[in-house]
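Here are my notes on this model, point by point. Please read them with the structure open.

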Amino acid sequence: MSKSFDQSRKEWASQTTDDIAALLQSYYDVESRQVVSVENQQSGRYSRTELTPTSLLDYAGVDWMVSTEQATHTLAERVTRGQNVTIRTDNGTDRPSESEAIPSAIRNGGLYPTRFVFVRRDGQDVAGAWLLDTKRLFEAIQTSVEPCKYINNDDGTKGRAYRLGDLALEGVVVDSLL
């Protein structure tokens, strides 16, 4: 039996959805209706024959959209208990992982999250939140920042963790949201 992404990680992260929405609303100085979570908690895999706008955004790594007067901003979300930013290197599926799909979209003018909202939880509370520049993030992890940890999950997904402080030294951190 093939494995698929363990959705319980999304369920845990989604407990901060209201907090993240409020942080993005404040940062971009927009009304709540202009901040939309497009994250989808779907068990198993998407249908390969019936793509939807939600599945296309998910494949592109987009979890949030914020509409301002100047632009519509696309953001990825990463919620963690620690100070390490994780990037998937294997989805446990036949779809390209973040480490492949996002750099390809950047190179080819495709859809990708222009920012990562990185949130650190302490229990039920948001203990820290930062905006990361996606282009700088992938440049840094491809050229200068070494992973501090390699991740192998039971659901077949794999990833690499990078220290937030190391990424900040490379100019990846755009701003603190708290």
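Predicted model: local features only at pLDDT ≥ 70, side-chain atom pairs only at ≥ 80, totals over all residues.

1. Strand 4 and strand 8 (residues 158-163) run antiparallel and are joined by six bridges. Here I87 has R160 of strand 8 as its bridge partner. Strand 7 and strand 8 are also antiparallel, over four bridges. N152 has K158 of strand 8 as its bridge partner. Five residues lie between the strands in the hairpin of strand 7 and strand 8, where G156 takes a positive phi near 95°.

2. What is the strand order of the open sheet of six strands? The order is 1-2-3-5-6-9, and the pairing is mixed. Strand 1 (35-37) and strand 9 (173-176) are the edge strands, each pairing on one side only. On average, neighbouring strands of this sheet are turned by 25° against each other, direction ignored. Within the sheet, strand 5 pairs with strand 6 (residues 125-133) in the antiparallel sense, over eight bridges. F118 stands opposite W130 of strand 6.

3. Next, helix 4. This helix spans residues 98-108, and its buried residues are E98, I102, P103 and A105. Viewed down the helix axis, these buried residues fall within an arc of 155°, so they line one face of helix 4. The face turned away from the buried side carries the exposed residues R107 and N108.

4. What do the buried residues of helix 4 pack against? Their partners are helix 3 (53-60), strand 3 (72-80), strand 4 (84-90), strand 5 (115-122) and helix 5 (134-143). After helix 4 comes G109, with a positive phi near 70°.

5. Look at the nonpolar cores. The largest one has 19 residues, of which I87, F116, L132, L137, F138, I141 and L167 touch the most other members. Strand 4, helix 4, strand 5, strand 6, helix 5 and helix 6 (164-169) each give two or more residues to this core. Helix 5 supplies the largest share, four residues. Apart from this core lies another, of 15 residues, including Y28, V35, L75 and V79.

6. Neighbours within four places in sequence aside, I87 is in contact with R78, E98, S99, F116, L137, F138, I141, K158, G159, R160 and Y162. One of these contacts, R160, is the bridge partner of I87 in strand 8. Another, E98, is one of the buried residues of helix 4. F116, L137, F138 and I141 are listed with I87 among the core residues that touch the most other members.

7. On aromatic pairs, the count comes to three. One of them joins Y27 and Y28 in an edge-to-face arrangement, with 5.0 Å centre to centre and 85° between the planes. Are these two residues buried or exposed? Y27 has a relative accessibility of 33%, so this residue counts as partly exposed. Y28 is buried, because its relative accessible area is 15%. Y28 also belongs to the core of 15 residues.

8. Please inspect D29. Its phi is near 55°, a positive value in a residue other than glycine. Most residues other than glycine have a negative phi. D29 sits in the loop between helix 2 (17-28) and strand 1. D29 is exposed, because its relative accessible area is 70%.

9. Last, the overall figures. The protein has six helices and nine strands. Of its 178 residues, 39% count as buried. Among contacts with a separation of 6 or more, 66% come from residues 24 or more positions apart.

Technical notes: Residues numbered from 1 in each chain as written. Heavy atoms only, no water. Buried < 20%, exposed > 50% of the residue type's maximum accessible area, 1.4 Å probe, protein only. Arc of directions from axis to C-beta. Contact = heavy atoms within 4.5 Å. Pairing = 2+ DSSP bridges. Axes fitted to C-alpha atoms, helices over the stretch in contact; angles between N-to-C directions. Core = buried A, V, L, I, M, F, W, Y, C linked by side-chain atoms within 4.5 Å. Phe/Tyr/Trp six-rings, centres within 6.5 Å; stacked < 30°, edge-to-face > 60°.
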